[in-house]
Amino acid sequence: MKTYKKIGLSVLALSTIIALQACGQSATKSTDTASKSEQTTITVATDADTKPFTYSEDGKATGYDVEVARAVFKELPEYKLKVEITDFDSVVAGVDSGRYQLGANDVGWKKERAEKYYFSAPLSKSNNAVAVKSALKVNGFKDLAGKSTEVLPSANFTTTLKAYNDANPDKASQLNYVDGNYPIASRLSDVDSGKIDFILYDAISLKTILKDKGLSDLKVVNIKSDTVDAHDGLEYFIFTKDEAGKKLQGKVDKVLKKLQANGKLKELSEKYFGGDFVPSADYYK
């Protein structure tokens with residue numbers, strides 16, 4: 001009888017342990033489910049047409065800016081990142097309206113834009129440059145006097161050209177506005193065909209696209225404006241100009257500082273740019 005009693009007690013104890021373990025696993029699963037359901041979705045907008053900063057591969061957005069965004073939000077489990085592809089004008093307008101919480105599209109800083117959006121710490125540092133026919137000699141904006149180009153209405157480079165034209169009407173270039181969904185590769189092809197004379201853009205992007213498209217008759221020349229802007233060559237994420245955007249900016253900047261320090265930004269820069277174009281630690285205070 002005693003033996004049977006001991007066996008019965010052992011079975012009861014084992015059943016209790018299994019039940020407790022099951023309850024523990026159930027509680028963990030419930031907690032995980034609750035955690036995921038409590039995540040805030042952050043929609044990042046990009047045009048996937050500014051290689052190597054952002055482009056489409058097998059129908060999926062990628063590129064330096066997009067992968068930096070993914071690396072950042074991997075460190076912020078309270079958020080779920082969603083990437084949406086749209087045209088460039090809709091990227092900035094969508095963040096302005098609150099449709100998107102973040103824009104990742106080689107966005108440059110300008111005063112007017114800073115009144116509408118919060119900017120992250122800089123993601124990379126390059127140079128403003130022009131793509132022109134190899135035979136054309138260009139040292140500065142003055143050498144583009146009377147030359148034609150194609151520009152997007154809301155692009156930072158358009159503002160730069162307009163500012164120069166306004167200040168130097170006798171040396172102005174001709175700006176032909178195109179729709180935001182007209183790709184940069186097509187605009188470079190227009191330079192190659194002679195339809196226009198130059199494109200002002202980011203040096204990294206220009207060199208990448210010319211190589212990819214085999215536009216060997218064009219060259220890339222770094223160019224500086226007459227006034228030195230501390231933001232020249234830098235690109236950023238942009239956030240909605242509200243309390244939620246400010247909170248998100250603070251969290252993202254904290255992670256960017258970490259990724260700059262641990263070498264993750266350098267790793268992505270070397271992968272997508274072919275070199276280290278990460279700003280110095282001074283930009284991540």
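Biologist: In the crossing where H2 passes H9, which hand is it, left-handed or right-handed?
Modeller: This is a predicted model, in which local features need pLDDT of at least 70, side-chain atom pairs count only at pLDDT 80 or more, and totals for chains, interfaces and linings use all residues. Residues are numbered from 1 along each chain as its sequence is written, and side-chain values use heavy atoms, without hydrogens and water. A crossing is right-handed if the near helix is turned clockwise from the far one by less than a right angle, left-handed if anticlockwise. The crossing of H2 past H9 is right-handed.

Biologist: How do H2 and H9 run relative to each other?
Modeller: The axes (lines fitted to C-alpha atoms over the stretch in contact, with angles of 0 to 180 degrees between N-to-C directions) of H2 (residues 64-74) and H9 (residues 264-273) come within 10 Å and cross at roughly 155°. Angles over 145 degrees count as roughly antiparallel. H2 and H9 are therefore roughly antiparallel.

Biologist: Which residues of H2 make the contact with H9?
Modeller: Contact means heavy atoms within 4.5 Å. On H9, the contact involves Lys264, Leu265, Leu268, Ser269, Tyr272 and Phe273. From H2 come Tyr64, Glu67, Val68 and Ala71.

Definitions and conventions. Helix = DSSP H or I, 4+ residues; strand = E, 2+ residues; numbered from the N terminus. Parallel < 35°, antiparallel > 145°, perpendicular 65-115°, else oblique.
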